[in-house]
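Thanks for asking me to look this over. My notes are below, as a few numbered points to read alongside the model.

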Amino acid sequence: MPKINMPDRAELHNHLGAAVDPPIMWSIAHSQGIRLPSKNYWDFEDLITIDVAEGYNSVAEVDKALFYWTELVQSSPEAVETSVKSVIGGGYRKCNIVIHELRFNPMNRNRSGEKDLDHIILAAIRGMDRAVQEYPQVKAGLILMMDRKFTFTQNEIILAKALKYKNRGIVGLDIAGPQVQGFKLTRLYPLFRQAKKSGLGLTIHTGEEGNLREMRDLVKVIRPERIGHGFLAWQDQHLMKELARQKTVLELCPTSNLRCGVIKSVAAMKEIYQTLYKNGVKLTINTDGPEMYRTNLFKERQFLVDQGIFNSKQIDEFNRNAMKATFIK
Ligand SMILES: [Zn+2]
């Protein structure tokens, strides 16, 4: 589709580990001499993407099977720079994404401490700067992610780095990663408070799987501006009312929800998403990582319209929500 027919789009929820075109990942892996499970490109493409039929049932399964490889391939400053640059440029060319927030965990890309974290982050910033230089129509920003499986100290370091590079293009803080037994999000509240106070945007992955207690408390106590996924709120009238009142923005990622198996069917998705909308919750549509889930913002729109989940006017409204909710100044 030529750009001329495409509206300006905003992507707020995109993981670097799921966003790079497989042939670019293949070349990066080779330039770094990474030992891959196969010498055949097509096996590699299969390894780092999810088709409809693959039947994953949780974020943990996807993390172990796919992110393990993509993060390994991206574990050097050079790899991170090339990756970030390719995603922001690609988003503009393919979908006219002019507001692009890209998130990644630098500590999952430093080979367990072998590489310097600052080098990884500065390489990401350089990749972003180079992309924006090539495509000056785009505004881009990076979100640093903490991880549920990390220690408090590790997460604290990630916040410190986000603050250090706040004026260089790091626009927000997030926590992701699969559910971990015994993990308590409340322990990280002091870090969230500090991030907010220092002017970093705060978006937290919650309400994607597991129970709703965590999200209820987070919304009440921390009041993040945005929530990654958060669709489980559809089960709780009171929580939806609170989200609407606070104008908290949910970053929905339809295709990812189906591929990761956190929403079991299109019919279930229709009920969940429409309930959120009817209750006045502010929604945005995102990919979660276009290449891993073999999608993009244009395809997400087509899918939602074709399945009768939302109409084009509603999706335009979600795009406007995203334009307003961006952390990029
Ligand atoms: Zn995500």
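**Notes on the core, a sheet strand and a loop**

1. Val 84 touches Leu 16, Leu 102, Ala 124, Gly 127, Met 128 and Ala 131, leaving aside residues up to four places away in sequence. Contact here means C-beta atoms, placed from the backbone, within 7 Å.

2. Please keep in mind that this is a predicted model, where local features need pLDDT of at least 70, side-chain atom pairs count only at pLDDT 80 or more, and totals for chains, interfaces and linings use all residues. Numbering starts from 1 along each chain as its sequence is written.

3. Val 84 is also among the residues with the most contacts inside the largest nonpolar core, which has 93 residues. Helix α4 (residues 77-95) supplies the largest share of this core, 7 residues. Such a core is a set of buried Ala, Val, Leu, Ile, Met, Phe, Trp, Tyr and Cys residues joined through C-beta atoms within 7 Å. Buried means 20 or more other C-beta atoms within 10 Å of a residue's own, with C-beta atoms placed from the backbone. Helices (H or I, at least four residues) and strands (E, at least two) are DSSP runs, numbered from the N terminus.

4. Strand β7 (residues 249-252) is covered on both faces: Val 249 and Glu 251 are buried on one side, Leu 250 and Leu 252 on the other. It pairs in parallel with β6 (residues 226-229) over 3 bridges and with β8 (residues 282-285) over 4; pairing requires at least two DSSP bridges.

5. Ile 263 lies in the loop between α10 (254-259) and α11 (266-278). Ile 263 is buried because 23 other C-beta atoms lie within 10 Å.

Conventions. Buried ≥ 20, exposed ≤ 12 C-beta atoms within 10 Å, placed from the backbone. Contact = placed C-beta atoms within 7 Å.
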